[in-house]
Amino acid sequence: MRQYWKYIRPHLLYFIFGPLLMLSEVAGEIVLPTIMATMIDVGIANNNIPYVISRMAIMFGCICVMIIGGLGGHYLSVTASVAFSADIRKDVFKKVQSFSFKNIDKFSTGSLVTRLTNDITQIQNITRMFLIMAMRSPGMLIGGIIMALRLNRSLAAILIIVIPLLGLTIGLLMYNAYPRFNVVQKKLDGLNSGIQENITNVRVIKSFVREKFEIDKFRRANTDLKDSTLNAMKIVICTMPVMTLAMNITMIMTVWNGGNLVVAGGMDVGNLTAFTTYIVQILMSLMMVSMLFLQSSRAAASSKRIKEVLNTVVDLTDDNSSKKDLTVERGEVEFRNVCFKYYESRKTNILDNINFKINPGETVGIIGATGSGKTSLVQLIPRLYDVTQGEVLVDGVNVKDYSIRHLRDGVGMVLQKNVLFSGTIEDNLRWGDENATREEIEEAADNAQADDFVKSFTDGYNTELGQGGVNVSGGQKQRLCIARALLKKPKILILDDSTSAVDTATEAKIRHAFATTLKDTTKIIIAQRISSIMDADKILVLSEGKVTGFGTHDELIKTNDEYRDIYYSQVDEEVSA
Amino acid sequence: MPPMNEKRADTRKPKNTKATIKRLMSYLNEDKVKIGLAFVCVLVSSMTNLAGSYMLRPIINNLVADVSAAERISTLVVNLVKMASIYAAGVLAAFFQARIMIGVSQRALLKLRGDLFEKLQDLPVRFFDTNNTGDIMSRFTNDVDTIGEMLNSTLVQIFQGIVSLIGTLILMFYTNFWLSIVTIVVAPIMAKIGTTIASRSRKRFSRQQAELGKVNAYIEEIVTGQKVVKVFCHEDQVIDEFETLNDSLKNAQIKAQFAGGMMGPSMNAMSQVNYTLTAGVGSILVVLGRLGRMGSFSALDIGGLTVFVNFSRQFSRPINELAQQLTIVMSALAGAERVFDVMDREPESDRGDIVLDNIHGDVVIDDITFGYNPDKTILKDVSIYAHPGQKIALVGSTGAGKTTITNLITRFYDIDKGKITIDGIDIFDINRDSLRENIAVVLQDTHLFTGTVMENIRYGRLDATDAEVRNAAVTSNAHSFIQHLPDGYDTVLEGDGSNLSQGQRQLLNIARAALSKAPILILDEATSSVDTRTERDINKGMDTLMENRTTFVIAHRLSTIRNADAIMVLEHGVIIERGSHEELLAQKGRYYELYTGLKELD
């Protein structure tokens, strides 16, 4: 609860005045009958029609106040709950933005999406209900108790037994419902992830004709969700009958005790009748309050999941960076005794004792077998992950000492698994530099060999891309991603197998553009094709997480067996053709 | 595309409310008997409620009756026992009603989700290419959720409300006909206000659900591309954009929920107006009666007035309760419309009924023309012939239309002009499932499912034995890295296989295809992220894979396609050269230039 205080505080007035205004309805409901009573007692008794009419006018006045208060209270309560949850949603989203790659790996996309929408909606609903009922039920409850006590203390003693008993039962129900709702939300997560996977993998499913298989899989998850929901709801639905039962028992006890009192002459009938009315009022409002609490057990499960995100410790920050003002100037990269693994629990390192140095402006190719650690290695340079041991230096300074923004501004990286976002091509390219001029954009696109095909589209740079950039081909997408990185004008540019879908000729053009226009930029290129990196200043050969060679093509051909092997695996074929 | 959907949905909305409700209710059809039973329970519990309160009267009367104390006590005991049994019946009825309805609503939800999912399997690839994943997801989560909330409680409460309303009305008429007229006059005004609020909030709730869909879509897209956001330090911009969407969701929600919430106070006020009018008019009637100005009408005394006024107070409670349900019903209807909108989409066409059996794999692509949008042609007059067992390579610059051809063979998209035949049969005459079962596709974008490595490979052929799966993995050279995974073949992969490298994922995809026995194979940049040595190592495996299968290969690594029987060079959707590797080299045309790096294709 304390965690939510900061979301309540900005809307505190709404939170206070919403329920307070709702009081006008409660007050009206109490006052109107008393006015009505005078209408009958005075008006009718004296056959005074003008008096009756004047009372009616007063009553209409009260109703006006009630409606204004009621509408106002609703408005404030709705605004409070919606604004409150919008703020939470914003903060959870912000938190996700601050996640490190490692944090992102931990949560599945589907689960993050459910937390940001579904779970927050639960919180919002319960808050709204709470605000609208907050004053009504307790007001009625307290009023009822006071009136009952005033009428007859000994009879009211029944309440002292019934209320705690009732509280205990409801508490017990909630205690049992909460873990079950947790299971429900988890199953919902699983179901959603399944649906999401299904949508992204639609081509695979269709090509293997696995629709029925997927439907069966979904059916199981769906039934599972139904069963766990039923399991939780089974408890919740017991509340209403339990409450009614409690109310009935109280009623019978009251009538029994009260009846005996009346018969013995200790109480008059009128008071007993009034007393039962108050008992009903007390228990009714008690019922509303407990329903609210019970509803909140589902919200509590959601709240826990939201807090899981909010309380995740971001394990990669620049809080302790000592040189926050420093920017990357030259583009020198050095690895010193670097070891790395993704999970602490893994025994073997993905990268093992890596040492090398790249001078500013050099082009370095990285080559190695599938799974040898190429991607892992370059991800350490813009500090997407932290090293397990050793240090990575850029311009002679440990990457941990830069502010993350300055470091990543200086290091442009085209990821292997890359994404374009909805919006126009220009919007997407501007990710590299928001303030880029049209010329700069076209120049970057031209260097990435994207300008031509973009211009061939009817809308050119204003062409809308669907989600994931589906209306461009794989190779075009890669070139747009390169252009986006080029616009950043980074000092170090990393291409992680970013031209795999680009044809050889176009790739050669890109390489040529790099060599001529990006002379001062350090370029690190992961590639499968030797031809992509043959002309590089240096080539780094990676094998099972170790550097087995670092030198020029000519040197490596002579000294490095593995490199030679890779080289001939490609040249051989060309020769044998 | 999404804006278009919205427009369509919006224009359809108002007139379709009835149809939507009807359709939603059809999900309850199976459980008619149970619902009937639940309604009986509601009736019983409402009646016991009334009876319980009514019992107080004889009890009280008895207490002051003119008999001995002992007799009064014994009658009290008898009365209390009666009261207790009425209460017990009420509690039981309430419990059974809730128990039945919860099962009914959950089953309906199960069916609704199931139907939506099955429909999803039936939709063409185009639907997924043009709709946001997040927005589709939102229909499963947010929209189905609101429907669930409605089915859970609202149905019963509405019924309960109507029962008490009618009951009270009957009692009012029974007590005093003339005073009931006041209520009869006020009721239509209430109804009018109610429906006005309802129809106004209806549109707002549709907006709320649409905004929710947008926010969902944005979150989904950004979270999926989260790593790109981080690399570009784009967090702040993304947060800004999100805030804009979040704010407009907030505004839509406030508007919708306030509009729905207006119902409560308005109805409450109207019933107080009714109460005041009844009391006032009643008092005047009583006074007029006393003054003898009412003639034969004056049947109203103070006692009657008190009882009547209490009824008119009671009258407001069910109306209030009904009004409370409105917010839920409105959200649910808006949600239901979005769900049904997907269900009403045109399914993937399948008019063929020929089931392929033991085909040779003779594929003829005859003069086809195609564009994803009518205004942009991607392929123009393309013809390709593949004899059984042949390996056909498609070469060309990115965006030339290579993948599009495979999209058409698999019927992910339908051809605009021309035809494709397999063993002489038009693919439109072939049963769609049968067609795809005979084609194994390895796509460039690697797609894995949450599950073990074993399960992922077995996706290629569900009845494959463990040994066959292993063999397929050996063929695709995935076996060695799989063995190095923590749990080998039982290692659980994350949804997108993020614990594997891109190349490793491609190897798994190839293994999947290797397992399949389809006579036609399409490899679309299947090894683009696999290093060349591994590729060389799997070449042997690939040869076995392609043996006796008609194969279409798309690759820009020309080395991987040299031994193709025929190579097609595609440029801007047109085949500009065709022939074997040697022939094309001898021609000294585009392929030659491309191969020797003399000229670029673009």
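Q: What distance separates the centres of domain 1 and domain 3 of chain A?
A: This is a predicted model, where local features need pLDDT of at least 70, side-chain atom pairs count only at pLDDT 80 or more, and totals for chains, interfaces and linings use all residues. Residues are numbered from 1 along each chain as its sequence is written, while chains are lettered from A and ligands numbered from 1 in the order in which they are written. Domain 1 covers 1-98 and domain 3 covers 333-576, with bounds from an automatic or database domain assignment. Taken over C-alpha atoms, their centres sit apart by 62 Å.

Q: Which helix of chain A gives the most to the side that touches chain B?
A: Here 140 residues of chain A are in contact with 143 residues of chain B; contact takes C-beta atoms, placed from the backbone, within 7 Å. The top giver, with 25 residues, spans residues 211-264 and is helix α9 of chain A. Helices are DSSP runs of H or I, at least four residues, and strands are runs of E, at least two, numbered from the N terminus.
So the name to remember is α9 of chain A.

Q: In β12(B), what is the bridge partner of B:Glu571?
A: Strands β11(B) and β12(B) pair in the antiparallel sense over five bridges; pairing needs at least two bridges found by DSSP. The two form a hairpin with two residues between them, and B:His572 in the turn has a positive phi of about 45°. The partner of B:Glu571 is B:Val574.

Notes
Two residues are in contact if their C-beta atoms, placed from the backbone, lie within 7 Å.
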